[in-house]
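Here are my notes on the model you asked me to look over.

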Amino acid sequence: MENNEQKKVVLSLIQPTGTPTLGNYLGAFKNWKSMAQEYDCLFGAADLHSITVRTAPADLRKRTIDLFAILLAMGLDPEKNIIFCQSHVSAHAQLGWILDCYTQFGEASRMTQFKDKSAKHADNVNLGLFTYPTLMAADILLYNADYVPIGADQKQHLELTRDIANRFNGLYGDFFKVPEPFIGKAGARVMSLQEPEKKMSKSDTNQKSFILVTEDPNVIVKKIKSAVTDSEAAVYYSENKPGVSNLMDIYSACTGKSYEAITDEFAGKGYGDFKAAVAEAVVEELRPLQEEYHRLVKDKAYLEECAKLGAEKASRIADRTVRKCMKKVGFWQY
Ligand code: TYM
């Protein structure tokens, strides 16, 4: 039996910018759930990150609480793992600043998410949007995470985290653990149901393009039935069939079936049967989470109790890392 000290550490966060989508679920949550059994895990709400885009205070608070309920509803155990809210642990902002000073302007400028988001929010290209990846690096490095389960869109940020950690270690001796991304085989890049060349995103203005994890099953079925496909009426995976390939990827992530098995299953059948099966698989996949979420979200006292426990456990580790890091850098300590 492995004892706790030998267990690898896993960390991943999600922004409370809205209800998580099926993309967040298949790209991240599903792997979080399976890793929670085997590793020492920290999961949480990256609320500091989400103020890079202007949000009404009441919305930020509500979305963060809802997200926390969703994390617990997935079955993540707040006693066994650390489920927390980033802003409850002050060390994130502290280490974020230090890492800013070990990150080059050019490196941060190359981040595709920065480029995309600054184009999308041209009226609010704030410094937080620019230094976002160093705060994310701090989130990870504070806890000496070995693995970071993420969707494919976060890979570049993870690479920057590794570069920052290696640079710091090169200057001050081995200090930070250099983390590895963990990107699942299916569901790592769930695409929009309406424009399958684009990532599924909760901030998309077209409601039909995404599925929210708490969405009514009837709406989920409707959205999948109206997903954009093509006129060929044949189910197989191909770059030239982005809509069908996306639905196959979703179906594969929900059922564990390979693309070949899916092609065989729908040989000679039309897209109607295929979409109905995908919709059913998604509804069944989300059903336990939805039932538990509706129960938990009403229990504010329990959610607060869990948040407090998570913050205490996370702070214990993170404060220690920041203190040791500050010593390495040369800050006066008493
Ligand atoms: P966020 O909040 O955009 O997304 C949370 C997780 O969901 C994944 N994801 C997707 N996966 C597959 N298909 C999609 N369409 C899709 N959309 C999103 C993301 O890759 C992510 O894993 N910067 C991060 C949050 C963060 C973080 C961290 C993550 C802050 N600190 C530390 C890991 C470690 C973000 O904006 O994710």
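1. How exposed is Arg287? Arg287 is partly exposed, at 35% relative accessibility; here buried means under 20% relative accessible area, exposed means over 50%, and partly exposed is in between (1.4 Å probe, protein chains only). The areas themselves come from the Shrake-Rupley method with a 1.4 Å probe, and for residues only the protein chains shown count as cover.

2. Before going further, some ground rules. This is a predicted model, in which local features need pLDDT of at least 70 and side-chain atom pairs count only at pLDDT 80 or more, while totals for chains, interfaces and linings use all residues. Residues are numbered from 1 along each chain as its sequence is written, and side-chain values use heavy atoms, with hydrogens and water left out.

3. Back to Arg287, which has a partner: its side chain forms a salt bridge with that of Glu284 (2.6 Å, N to O). By salt bridge I mean a side-chain nitrogen of Lys or Arg within 4 Å of a carboxyl oxygen of Asp or Glu. Both Glu284 and Arg287 sit in helix 12 (residues 271-296), 3 residues apart, or about one turn of the helix. Helices here are DSSP runs (H or I, at least four residues), as are strands (E, at least two), numbered from the N terminus. Glu284 is partly exposed too, with a relative accessible area of 38%.

4. Helix 3 (residues 57-73) holds a pair 4 residues apart, Asp66 and Lys62, separated by about one helical turn. Their side chains meet in a salt bridge at 2.8 Å, N to O. Which end is buried, and which is exposed? Asp66 counts as buried at 15% relative accessibility, whereas Lys62 counts as exposed at 51%.

5. The next pair joins two loops. Lys177 and Asp146 form a salt bridge through their side chains (2.9 Å, N to O). Lys177 is in the loop between helix 8 (155-172) and strand 5 (180-182), and Asp146 is in the loop between helix 7 (127-141) and strand 4 (147-149), so the pair ties together parts that are 31 residues apart in sequence. Asp146 is buried, with a relative accessible area of 9%, while Lys177 is partly exposed at 34%.

6. How many salt bridges are there in the whole structure? The search finds 16. Glu195, Lys198 and Asp204 are linked in a network of them.

7. Arg320, Arg323, Lys324, Lys327 and Lys328 make up a positive patch. Patches are made of residues with over 30% relative accessible area and no salt bridge, with like charges joined within 9 Å and nonpolar side chains (Val, Leu, Ile, Met, Phe, Trp, Tyr) within 5 Å. Lys and Arg count as positive and Asp and Glu as negative, leaving out His and the chain ends, and each charge is placed at NZ of Lys, CZ of Arg, CG of Asp or CD of Glu. Lys328 lies in helix 13 (residues 300-329) and is partly exposed, with a relative accessible area of 35%.

8. Glu305 is exposed, with a relative accessible area of 54%.

9. Have a look at helix 10 (residues 242-255) as well. Its 14 residues reach 20 Å from first C-alpha to last, close to the 20 Å expected at 1.5 Å a residue; the expected span is 1.5 Å times one less than the number of residues. Helix 10 is mostly covered, with 12 of its 14 residues buried, among them Asn246, Asp249 and Tyr251.

10. Two backbone angles deserve a glance. Asn144 has a positive phi of about 50° although it is not a glycine; Asn144 lies in the loop between helix 7 and strand 4 and is partly exposed, at 31% relative accessible area. Ala233, also not a glycine, has a positive phi near 55°. Ala233 is in the loop between helix 9 (217-225) and helix 10 and is partly exposed, at 44%.

11. Last, a tryptophan. Trp97 lies in helix 4 (residues 91-100) and counts as exposed, at 56% relative accessibility.
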